[in-house]
Amino acid sequence: MIAKTGKKITTRKVNRGIFVFFFLCIFTSAQAVAKAPYFDFNVAPGLSVDKALNLIAAQAKSPLLIPYEQVRTIKAEGVSGRYTIEQALAQVLRGTGFKAEVNAHGVITVRAVSKPVTKENSNSLGVPEHNDAVLEEVVVSGIGGFRKSLLSATEIKRNTESISSSLSASEIGQLPSITIADSLELVPGVAADKNRGISSQISLRGLGPQLTAATLNGREQATSSPSRNIRFSQYPAELISAVTVYKSSPADSLEGGVSGTIELQTVKPLDYSEELTLINLRQTYDELAESSAESDAYGSRAVFFHIDQFFKDTLGIAFGVSGLDAPIASARTSNGLPVELDQDYDDNGILELGFPNTAYQLSFEKQRRGGAVLSTQWRPTDAWNWDFSLFYSRLTENKHREQLRYQYLFGLAPALSNLSIDNDRVRAFDFDANNENRIDTATILVDRSDKLYDLGLNGSWHNSVWRLAGDVAVSKAMQDRSLTNLFFQKNNIGALRFRAPFGEPSSVYPIEANQLSSFEGFIHQRADFGVLDIQDQISALRFDAERDAYLALPADISLQSIAFGLRYVEREKKYHEQHRINMHIAGQAVDENLAGNFFFDDLTVFDIANEARVPWATFDAQGVIAAYGTRDFSSPNDADLLDFWEVEEDRLSAYIKTNFEGNLMETPFIGDLGFRIVRGQILSSSYIEVLEGNEGNLSIGGVRPIDVSSEFTDFLPNANITFELNNDLFLRFGAAKLVALPPPNLLTPSRDLTLSTQQPRLRGVGGNPTLDPFRANHFDMSVEWYIDNESGIFASVYYKDIESFIVSGEENEIIDGVDFIIRKPINDTGGVVRGLEFTYQQAFTFLPTPFDGAGVMLNFNYADSSARAFSTRDENVEIDVAGFSERVSSAVLYYSKNNTNFRLQYIFRSPFTTPDQRVFADDSRLSISAGYKFNKTFRVYFDGANLLEEMDYAEFPESNELSRIDYIGRRYSVGIEISF
């Protein structure tokens, strides 16, 4: 454990007291409210439901959401007299088969209730197969699979007050992916960061994962990463019922999302009308993994879901479990060749390539994920609702990598011969270093386990004037990881023929040399061992209240309601990493009993035309580990202590939001205006090195603990307004000041000093516990034209003025009287990010049968950014900030009719920079998904991913040097679903 200096967060008790005091005041005042307000209604009998409801909405001055197509031909009852809104609605809808509710914003929402959800008319998660979904909520779509899913998402987009995009569970569950991140790429502006073809983190609108917030059931999520970045692969897609991406920010939304907020939702059992049991089984296949006997190419996914209601539908229970056991194979080159031929190191007039130190890595991973969700919902009366939810996920990764690296040992490389050059890039060359070279072979074992727990209790109460809600939540994430690197070497290998891995996969295999397949001559080099433990816990209390106002204001504007609330958060994140390097048998010959099998001898993707494949020698990893002795991490040394850190946060936020409506030149509008105040304190703890001696004779005299605290307060005003230009054309505006806290791993006060006299100045690296948050001013405008219920054209322009950005920089520091240059995170002036989003979706219902089930959806996002960072490798080179992509787009061609569903999906992302400052080239993926429903109980599925076998290319921008290439191959799955 990290030793503390005794300094504590002083605001914690004060913030708790403030929260409790305001909670009691608001709750007491709400309970004292008198009877509901009454209105004078006059609606003649015999009108159609849509006309009757519009009259009620106008007489009560309430917004109205109704499924027009379903109610236009149905006659309504009349109502005349003084009633509450709820009483008047119940009267006019009596016997129509529809029901009306008034939500927390005073909006009247109408849905069908005469056709209850049954196995006969529901989809895989039990939602009616006709358009009777509650319009203000994201729910699973109905018949027609993807087509109805788009319809549901379109209705949500149409009726929300904020600028947002949604995905329903029917989309997510049937996409050819195993993570929510893959599915989110269908949302305009969303880009997924991939690792070996698996999407995990999300960049939004040109900004990286560190600026994208995420919630589960409205609750902030702990993370198993050192930063705040959400690892979306931790969330089984099968257990998530809906996802909404909020791009504009109302006052009641949680702070933290400068680029936007992604809200995940689990199932609410009382949204379903009867018992449902669902079983989904799939088998997966990794084409690349088939190429090696070391890996099983087949995996599996399984889902079990049960939803039930009791006590006259006042109590509901939903329980789901999922499992994933899948192979992931990839081939990688790293530390590659400079790609431009413009260097003559020895001034002999011959251009060389510098150091041709090239590594080739083959990786096989077994990924296992288990998840569970439990949701109970109790609605004893119409006024009360209680929700309890428990979410659990465990993701384990067992990685086995074999790496081959060629190194020139002494000085500069001599000239290369027989170069094969294409477009100024080297494809192949001969190299003879006069026996001054070597081959390294390495076995890398990584075992990682990520756990996530989310527990929450939410209660709400309302009458016709007040709506109150409280939430208590705990989110906890953990990561345990062990790393073993075993290195062996063979010296003086003579001349080799290299192939640089550019272009088609068939040219990836690099080296032609029989020495690689022989165990003779290999010696032990070293063994690296490491362990990592990360723990993150968030405890949060939240209280929200809203009161109807119905206050007329000037300029034909009326105030509809006032909402306000408090949120208190405690967060504690701990990071503990240890390393050991074992050298005690370095230089000794490798015991021939430790020799392993030739690795990937039949890996067909590495075939070279008309030439034999050349495997390389590998070794028995467990036997080598035993030979190196034990790995003792029980007693941390000084180097371990420098890799310990802990960050504690204490935050209190409050908001006020007003909801209004009105008319501007006979154009109706609704909107909200408010602000949020966030106050917090951060305490960062770690260790720093202690200097001994004077400037001419310095040494490190051990380490000591250090605590550093910082405070921040932010005032965050925001506004959203929507103009209904006509029934199908909407114009939306959003503006907000946004804030996101610095990543915890950048807040560590630790520093690692270098006392080398070869540098002109003493240097070091470290964190920065006094970093200011990311801050930005955001503006958004959206035009939405709804061609019909399934089709539309949507365009948005956005502008973010980032006042404060965090980049890597250097600062002078006086440490124990000695002048150092310390490279660390610093606050930069930021920059401007502006962009354009465009969506076109069209259902071809106007075509003759059977083509009327086809449709397309096209998304495009263009972003331009002046926010820049400096390279940590060359301080004179500017690079894009992590996560930025100029262009992100997707295209979907689908057919969805009767029992047949088909979808072809293409995703594109232009080059982007990763947090470790590699620049990845264009990324594109083609996938397919198909399904057929035989009857009400039985369905089949087929999915295929990365059908074009795209490879990932990355370079270091400051040297134009190939960093790595990843090849992952195609992946497939087939499955069945049974529901009853």
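A cavity is defined here as a set of points, on a 1 Å grid over the protein atoms alone, where a 1.4 Å probe fits but cannot get out, and its lining residues are those with an atom within 4 Å of a point. Grid points are joined across faces, edges and corners, and a volume is the space filled by probe spheres set on the points. The structure is a predicted model, in which local features need pLDDT of at least 70 and side-chain atom pairs count only at pLDDT 80 or more, whereas totals for chains, interfaces and linings use all residues. Residues are numbered from 1 along each chain as its sequence is written, and side-chain values use heavy atoms, with hydrogens and water left out.

By the cavity rule, 19 cavities of 30 Å³ or more were counted. Secondary-structure elements are DSSP runs numbered from the N terminus, with helices (H or I) of at least four residues and strands (E) of at least two. Strand E9 (212-216) and strand E29 (729-740) are the elements that give two or more residues to the lining of the second largest cavity, and E9 gives the most, with four residues. The lining divides into 10 nonpolar, seven polar and five charged residues; in this scheme Ala, Val, Leu, Ile, Met, Phe, Trp, Tyr, Cys and Pro count as nonpolar, Asp, Glu, Lys and Arg as charged, and the others, Gly among them, as polar.

Salt bridges were assigned where a side-chain nitrogen of Lys or Arg lies within 4 Å of a carboxyl oxygen of Asp or Glu, and 46 were found. Burial was assigned from relative accessible area with a 1.4 Å probe and protein chains only (buried, under 20%; exposed, over 50%; partly exposed, in between). The side chain of arginine 231 forms a salt bridge with that of glutamate 397, at an N to O distance of 2.5 Å. This pair links distant parts of the chain, 166 residues apart, with arginine 231 in the loop between strand E10 (219-220) and strand E11 (242-246) and glutamate 397 in strand E17 (residues 384-408). Arginine 231 also meets aspartate 450 in a salt bridge of 3.1 Å, N to O. Aspartate 450 belongs to strand E20 (residues 437-462) and is 219 residues apart from arginine 231. Arginine 231 is buried at 14% relative accessibility, as is glutamate 397 at 2% and aspartate 450 at 0%.

A further salt bridge joins lysine 247 to glutamate 837, with the closest N and O atoms 3.0 Å apart. Here 590 residues separate the partners, lysine 247 being in the loop between E11 and strand E12 (260-265) and glutamate 837 in strand E35 (residues 831-843). Lysine 247 is buried, with a relative accessibility of 4%, and glutamate 837 is buried at 4%. Salt bridges that share partners also join Glu220, Arg228, Glu255, Asp536, Arg567, Arg571, Lys573, Glu649, Arg651 and Arg676 into one network.

In helix H4 (residues 85-92), the buried residues include Ile85, Ala88, Leu89 and Val92. Seen down the axis of H4, its buried residues fall within an arc of 100°, so they line one face of the helix; the arc is that of the directions from the helix axis to the C-beta atoms. An α-helix has 3.6 residues a turn, so residues three or four places apart point the same way. Contact being defined as heavy atoms within 4.5 Å, the buried residues of H4 pack against strand E1 (39-43), helix H2 (49-60), strand E3 (79-83), strand E4 (98-102), strand E5 (108-112) and strand E24 (523-553).

Several backbone features were also identified. Most residues other than glycine have a negative phi, and most peptide bonds are trans. A cis peptide bond, with omega of about 5°, joins threonine 849 and proline 850, and proline 850 lies in the loop between E35 and strand E36 (854-865). Arginine 205 has a positive phi, near 55°, and is buried at 0% relative accessibility. Aspartate 816 likewise has a positive phi, of about 50°, but is exposed, with a relative accessible area of 53%.

Key. 1 Å grid on protein atoms, 1.4 Å probe; cavity = no way out; pocket = protein on both sides within 12 Å on 5 of 7 lines; lining within 4 Å.
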